[in-house]
2 protein chains.
Amino acid sequence: MPLALSVEILWVTPTYPFVLMGTALGVARHNGICCAQVDAWPDPLMRMLHTMLRVGDLERSLTFYTEVLGMRMLRRKDYPSGRFTLAFVGYGEERDTTVLELTHNWDTSHYDLGAGYGHIALGVEDIQSVCDAIRAKGGKVVREPGPMKHGNTVIAFVEDPDGYKVELIQLSSPADR
Amino acid sequence: MPLALSVEILWVTPTYPFVLMGTALGVARHNGICCAQVDAWPDPLMRMLHTMLRVGDLERSLTFYTEVLGMRMLRRKDYPSGRFTLAFVGYGEERDTTVLELTHNWDTSHYDLGAGYGHIALGVEDIQSVCDAIRAKGGKVVREPGPMKHGNTVIAFVEDPDGYKVELIQLSSPADR
């Protein structure tokens, strides 16, 4: 569909081939077909590496994200001079997937979570089994699986030890896969 | 390496093939080679789909994330009965990569950001060029590129229109690639 559009643009207005080639490539790139740099954006390798959350008790959070949510501990480093520790957890390697960075400031055990940040969302194959397993492992399911209020996607919500929400999304809708 | 380990375990102790096959697959799965379900965790497809942030002005945020940070608009839907809009932006398709979900509640133009949520981090090939491009496009670089205070990784920080921080990380360290 985007490719057809590009061809059509080139075909109906053959007098401006270079301008139109740029437009066509722009459309193609915008639709994920091609990574040619046709605009001013300079960094084609740009990607989301992680989402960072500050946590009040690192061991408690690591237990939750690894044992309850099934992530893997990827790396962890103490910074004694700054009195903080960074830990990275996720479902894949950092070079391939976006992960979660947990920051623990040694002298802070509680954070005001505000109202802006929403959640991370995890896609799951069988949302009911995952919720059952989370509960069995001591996790807090704060919204049971069911269709979202104003849509059809089946979702649930879990709360991590600091109160951050984690959304679970049933991977049945093509848009969520 | 994990595969070699698995084979070795099977080879040296052939008398417990099923138990050991489970162990071997566990090692393999833990190392991202195989998704066989060998422990109590029920969902091998689990992955991070997105991070959700609430924004006070959706058009302003979309301009920032697409034009200034170079993400693509992936999908957008209005929910008139709930008076909110969801928009998804990212550097790849949702089926392949973790993206950013922007929630705009039509009746809320400002959020208390709290102190718990940190940022999303973006890996970049050339952090100085990216910062220059962001500034040229009207983005706010709040921390110029340089080594992190207590480490060697070269980072910078940008602020989005709501005040959420976006970390840029120079992809030179293998740990960050």
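**Sheet and helices**

I traced an open sheet of 8 strands with mixed pairing, in the order E2(A)-E3(A)-E4(A)-E1(A)-E5(B)-E8(B)-E7(B)-E6(B). E2 (72-79) of chain A and E6 (140-147) of chain B stand at the edges with a single partner strand each, so one side of each is left without a neighbour in the sheet. Neighbouring strands are turned by 20 degrees against each other on average, direction ignored.

The model is predicted: local features need pLDDT of at least 70, side-chain atom pairs count only at pLDDT 80 or more, and totals for chains, interfaces and linings use all residues. Residues are numbered from 1 along each chain as its sequence is written, while chains are lettered from A and ligands numbered from 1 in the order written.

I took helices (H or I, at least four residues) and strands (E, at least two) as DSSP runs, numbered from the N terminus. Strands pair if DSSP finds at least two bridges between them.

Next I checked E6(B). E6(B) pairs with E7 (residues 154-159) of chain B in the antiparallel sense over 5 bridges. Arg143(B) has Phe157(B) in E7(B) as its bridge partner.

Then I turned to H3 (residues 58-68) of chain B. Its buried residues (20 or more other C-beta atoms within 10 Å of their own, C-beta atoms placed from the backbone) are Ser61(B), Phe64(B), Tyr65(B) and Val68(B). Seen down the axis of H3(B), they fall within an arc of 115 degrees (directions from the helix axis to the C-beta atoms), so they line one face of the helix. Gly70(B) follows H3(B), with a positive phi near 75 degrees.

How values were computed:
Axes fitted to C-alpha atoms, helices over the stretch in contact; angles between N-to-C directions. Buried ≥ 20, exposed ≤ 12 C-beta atoms within 10 Å, placed from the backbone.
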